[in-house]
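I opened a notebook page for this chain. My plan is to go from the overall fold to single residues.

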Amino acid sequence: MKQGNILLVDLEFECKLWKRRLELVDRELRCFCSRNDELRAMKGRKELTAIHVDALMQHQKTAATLLNQIKVMEQELQFYNKDFPITAMHQYFIDHIELRDKVQQTVMEHIQISSEVLDVLSV
């Protein structure tokens, strides 16, 4: 934010960061599921409970939904002049802040879920 104005290029930058974080979350979740499948194939190895697997699947759906919302926001940005400043009261910025909060919450949940899953999947 520069002198009370918010530049759309700044919002676009945040969208890029969010996409990268959520793509990392998605890749990590797929890795967890793959590791669990490997452990399931081995007799006598500890594997994730159904509750953990359900949590991973739900978390993956949440990340995918957020990624779609970010892509829509990026497409909308293409229709605006990048140097066009908006204020904190502009609806586009309000939507952006709501999406930022959702992404941050999802990343924090991912850290918690990852910690629990890694306790099971690690040696």
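What share of the contacts between residues at least 6 apart in sequence join residues at least 24 apart? I looked this up in what is a predicted model. The share is 82%.

**Entry: fold.** I went through the secondary structure next. I find 3 helices and 2 strands in the chain. Along the sequence they run β-α-α-β-α. I then checked the radius of gyration, which is 18 Å. The globule rule gives 14 Å for 123 residues, so the chain is more spread out than a compact globule. I also looked up the box that the C-alpha atoms fill. Along the principal axes it is roughly 60 × 20 × 20 Å.

Entry: Of its 123 residues, 33% count as buried. The accessible surface comes to about 8,000 Å². Carbon and sulfur atoms hold 56% of that surface. For charge, I noted 17 positive and 19 negative ones. Their mean positions lie 5 Å apart.

**Entry: core.** I turned to the nonpolar side chains. In soluble globular proteins, such side chains tend to be buried together. Here the largest nonpolar core has 28 residues. Which of its residues touch the most other members? I noted L11, L22, L56, I70, I86, Y92 and V117. Helix 1 (8–41), helix 2 and helix 3 (91–121) each supply at least two residues of this core. Helix 1 gives the most, with 10 residues.

**Entry: Q60.** Is Q60 buried or exposed? Its relative accessibility is 17%. The cut-off for buried is under 20%, so Q60 counts as buried. I then listed its contacts, leaving out residues up to four places away in sequence. Q60 touches D26, L29 and R30.

**Entry: E28.** I moved to helix 1, where E28 lies. The relative accessibility of E28 is 30%. Which residues does E28 contact beyond its neighbours within four places in sequence? I found H110 and S114. I checked the H110 pair further. E28 and H110 are 82 residues apart in sequence. From C-alpha to C-alpha, E28 and H110 are 9.5 Å apart in space.

Conventions
Residues numbered from 1 in each chain as written. Predicted model: local features only at pLDDT ≥ 70, side-chain atom pairs only at ≥ 80, totals over all residues. Heavy atoms only, no water. Helix = DSSP H or I, 4+ residues; strand = E, 2+ residues; numbered from the N terminus. Rg over C-alpha atoms; globule rule 2.2 N^0.38 Å. Buried < 20%, exposed > 50% of the residue type's maximum accessible area, 1.4 Å probe, protein only. Contact = heavy atoms within 4.5 Å. Areas by Shrake-Rupley, 256 points an atom, 1.4 Å probe, with all protein chains shown as cover. Lys, Arg positive; Asp, Glu negative; His and termini not counted. Charge placed at Lys NZ, Arg CZ, Asp CG, Glu CD. Core = buried A, V, L, I, M, F, W, Y, C linked by side-chain atoms within 4.5 Å.
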